[in-house]
Amino acid sequence: MRTQRQRKLAGVSVIAIAGMILAACSTTAPTAPGDDSGSSSSAESSGGDSPNPADIKIFMAPKFTGLAYFEVARAGGEKAGSELGIDFQYIGSDKPETTEQIATLTNAVPQSPDALVVSAIDGDAVAPALKEAMGKGIKVVTYDADAAADARDLFINQLSYELAAKTMLDAALLNSPDGGLVAFISASPTAPNHTAHVKIMKELIDTDPAYSSLSYVDTVQFAGDDATKSQQLALDLIQAHPDLKVIISSSAVSAPAAEQAIINAGKAGQVWATGFALPSSVRDFIKSGDSVAFALWDPAELGYVATIAAYQLVTGEITTDPGTVIDAGDAGQYTVLEGGEVQYNKPLMFTADNIDDFDF
Amino acid sequence: MSAASGVVARFGLAGGGAALRVRFIGVIVFQLLLMAVFTLARPRFASWDNLQSVLFTAAILAMAAAGQTLVVLTGNLDLSVGSIMGATAYVVFDLTGTMPALGPWVVLIAVLIGLVLGAVNGFLVTTLQIPSIVATLGTLSVYRGFVSFYANAKEVTVGELPPWTRSLAAARVLGLSSYVWIAVVLVIAVGVMLRGVPWGRELYAYGSNPRAAYYYGLSSTRIVVTGYIGAGIIAAVVGLLLGAQVGNINSLLASGIEMQVLAAVVIGGVSIWGGSGSVYGAALGAVVLATINNGLVLLGVQEYYRLLFQGLAIVAAVAVDALVQRRVLRATRRRSVGVAA
Amino acid sequence: MRRAIRAYAPELLLVALIVLAAMWSSTLSPYFLNAVNLLNSAQFFVIFALMAFGLFPVVVQGEIDISLASTLAVGAVLMAKMSVAGIPLLVGLAITLAATAVLGAVNGVLVAHFGLPSLAVTLGTLGAYRGIAYLIAGDAGVTGITPDYLLLGSSWVGIVPSSVILALVVAAGFWVLMGRTAFGRYSYAIGASPGAARMAAVPVRRIRVSAYALAGAMAGLAGLVWVSQYQSARGDNADGAILFVLTAVVLGGVSIKGGTGKTEGVLLATILLGTIQTGMQLANVPGTSQRLVVGALLIASIGAPRVVHLARHAWTTSRRRLSPTAVAQD
């Protein structure tokens, strides 16, 4: 751009282009060809006929792949998939990052699935992508970790937050029947379920006579589902509070890691870690007596129910109105509540009596 | 007489003597200051029970930092350390789960894994001349990808670990965890080797002035690759120890630890440009980080402030270190006559 | 003609790779070759592209900044908070850009005026700024963003999302900045030889600090895009994103030692990474394999020229023994 004239030309064309762009701005999304005809099985287009199951596509997207807990849920979803005869796919990145999950979901939409079954890392950040999916007629069912309520049709909550809190406190009391000081380790300050669990646990300890023997440390620690960090926090908590009795964590990575740390420090039997964990992770602790109880639910059944619910939404068998009943056959019947939440509510308490009954 | 000590003597920089000691003192002062502050705020901090716990939580990181020092001294980085740790832990303990007869041979397998993965890193950096930050960024993904693939989302549960590893993690000698003793032995061994063995001195020489080292006939390829192999072996063994400590191992073990390892190395006075610093400093850097974590939990401080505080500590440590380095450089320049550094 | 090809060799290689990747992706999934979908997926990479452009001058100068993702988080939560507080978009943007530029400038001052190693310094600020982001955001993060802040993420020009247009405009801006201004010339000079630059009366410190401040501002802008796309902001936003950004910059032909690299390269590299990632995700390729591919691509693309060189050398000097200490090009 040497000459004045060239520079003026450049400047003018830039302004002209900018003007044209601003003028062309619109807030309605462009539609891709063949966009909304993707779900060929939706009842509207076929005038109410029963759709062919083989044409129905359901994607399951966990927080990230590679975690055993989600694999168990996957097995449940696949079981539902094969029973129903649908096309069931498991998608996701193996990195526990929000942007990765959003990319996965964004790229799931053009594949025109009929439903998405999602466990959200960041319930607010995935909302726009999920809303886009819903706008295209895709049914969205969340499980395990919810997204923003207006971004999904149903939320299959493994345990209502109250039940989850009570279950963990019960497990704590099983470990330490005389009660005592309790500390909390959560995954992250922004995990809505963990935050809710802790809040309710604190309330229950304050108000419910059944838990009056317990007291708690107010500051919550965060381990980000990292085993090493969980251990360091567990050890530091024991040092910070010499009369600590129980460490409670909603994270299936943190709870067993904390227990192992306690064993390593030679404090097994004086302090316990408990909370939610896969039975395979804690079988050893329970059998050796270092730990008395951990809790969870059946992730396979959760995945099964979530997939069935998604399928029934797609075929129009159910709606999201409160009071609708989802019939999941052997897995039970569940009622839709206000706000689209479905409570699975079948907690499992793992103790020496029953730990061998579970194979996951 | 070796080429390396000749280089060191001629150019007056790097590993030996005054320079090392002054940098090291910086970290010690920092650590003592931290301890004083925490003890004042909460006297329980200074109890033996707490201090030995801090040392335990620092052990793994200290060993990993010692390994990383071998690479940083040459002016390079190894960002794949976390992936090597996780891969070794998972693969080895998965094997012991299915083949319990392996027994203590697992350590040898771990060493082999670390050797190979480290050698690949070294190859990429020397023969292919890929800048170390890029090469190890790539191997971080590739190694982690391999273990994810191998694991197929299964966990190695604590019950599958061989009993002797779990006893080791829980063992105590003279009131300190066995891991602390292992860390002490390992760090001292590496430190002694760096000072005493010719290769160690060559490492410092090369790191502080690669061009001069070249003119002296030192093989950069050999030095750098050996550094990476050493770091890889140490990372693998540390991974094994970490797996035994954690119990339930999934494919994401030690994911993201490279940042902490770098932080420990940097706080410990090891120069990122290479050529100076000691493993003792790096190990102490790990202790500093563990102390900060412990102190903040003791004081009931929220997580957010911990991140802030740790970050500021790193910047402070780097600033102090640079100050020290400049003083030393000025002093040695005065001593060695007419030599361009 | 040949000179042009040689001058643009890395960029042409990238273009070839993009074409290959696109072809591969279209075989992987029938949904790939669809303009609207592609542009939709492109939106996702705008944030990374902005950070990559911000990082670009810093790396050209021979330094690095790994704290950008944390700066983005600060920018995002600031924008979100101001939206909720009812502050108009442009005012909020100005404040955020100023704040993030200051954060970047802090890095710059520590590196340029105090002479601290940039990797170590930004390792520290990575944590410190992340902590600041958490402190501003609070526990649950920020939601309830007002529509004017969401405009960037929910408007289109024809079929092109506005955020993509923003990325292209920024790319053009950096092209001008690095290719046609004194700042750009000085940056390359500093990267090639800081000593020589200083002796040539280049205001090294000022240029360095400016580059870092600019990088911070870009991260702040990326924060706006984040808020507009994800309609929320939390302290842990973009945690870990810096690895992808660094990959894009390096893949784009910007030497980590400084002194070389073009804007086009960074843009093309981002497009390449985006194409591959989108293609794999549209085909529901397992996450593990995605990670392997990106890591291998990074190594291969940087190592390939050397492999070619070595192969050629071995071919032509099969008798002559090489000195193993080929270290002179440090």
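View 1. Where pLDDT is low, the predicted coordinates should not be read in detail. For chain B as a whole, the average pLDDT is 86, and 91% of the residues score at least 70.

**View 2. The open sheet of chain A.** Six strands of chain A form an open sheet of 6 strands with parallel pairing, and their order across the sheet is S3-S2-S4-S5-S6-S15. Its edge strands are S3 (87–90) and S15 (341–343) of chain A, each of which pairs on one side only. From one strand to the next, the twist averages 20 degrees. Strands of a sheet pair through backbone hydrogen bonds, either parallel or antiparallel.

**View 3. Strands S2 and S4 of chain A, with the helices that pack on the sheet.** Strand S2 (residues 57–61) and strand S4 (residues 115–118) of chain A run parallel and are joined by 4 bridges, and in this pairing Met60(A) stands opposite Val117(A) in S4(A). Helix H2 (residues 68–84) of chain A lies across S2, S3 and S4 of chain A, and its direction runs at about 165 degrees to S3(A). Helix H3 (residues 98–108) of chain A also packs on the sheet, where it touches S2 and S4 of chain A, and its direction makes about 175 degrees with that of S2(A).

**View 4. The two domains of chain A.** Chain A is divided into domain 1, made of residues 53–158 + 299–345, and domain 2, made of residues 161–296. Taken over C-alpha atoms, the centres of domain 1 and domain 2 of chain A are separated by 29 Å. Where these domains of chain A meet, 8 residues of domain 1 are in contact with 7 residues of domain 2. The side of domain 1 of chain A that touches domain 2 of chain A has 4 nonpolar, 2 polar and 2 charged residues.

**View 5. The contact between chain A and chain C.** This contact takes 35 residues from chain A and 41 residues from chain C. On the side of chain A that touches chain C, helix H1 (4–24), strand S1 (25–26), H3 and helix H4 (127–135) of chain A each supply at least two residues, and the largest share, 6 residues, comes from H3(A). By class, this side of chain A has 16 nonpolar, 14 polar and 5 charged residues. Strand pairing also links the two chains, for 2 bridges join S1(A) to strand S1 (residues 156–157) of chain C, and these strands run antiparallel. In S1(C), Val157(C) is the bridge partner of Cys25(A).

**View 6. The contact between chain B and chain C.** Here 42 residues come from chain B and 42 residues from chain C. Helix H6 (132–151), helix H10 (210–215), helix H11 (220–246), helix H12 (257–267) and helix H14 (303–335) of chain B each supply at least two residues of the side of chain B that touches chain C. To this side of chain B, H6(B) gives the most, with 13 residues. The residues on the side of chain B that touches chain C divide into 29 nonpolar, 11 polar and 2 charged.

Definitions and conventions. Residues are numbered from 1 along each chain as its sequence is written. Chains are lettered from A and ligands numbered from 1 in the order in which they are written. This is a predicted model: local features need pLDDT of at least 70, side-chain atom pairs count only at pLDDT 80 or more; totals for chains, interfaces and linings use all residues. Two strands pair if DSSP finds at least two bridges between them. Axes are lines fitted to C-alpha atoms, for helices over the stretch in contact, and angles run from 0 to 180 degrees between N-to-C directions. Two residues are in contact if their C-beta atoms, placed from the backbone, lie within 7 Å. Ala, Val, Leu, Ile, Met, Phe, Trp, Tyr, Cys and Pro count as nonpolar, Asp, Glu, Lys and Arg as charged, and the others, Gly among them, as polar. Domain bounds come from an automatic or database domain assignment. pLDDT is the predictor's confidence in each residue, from 0 to 100.
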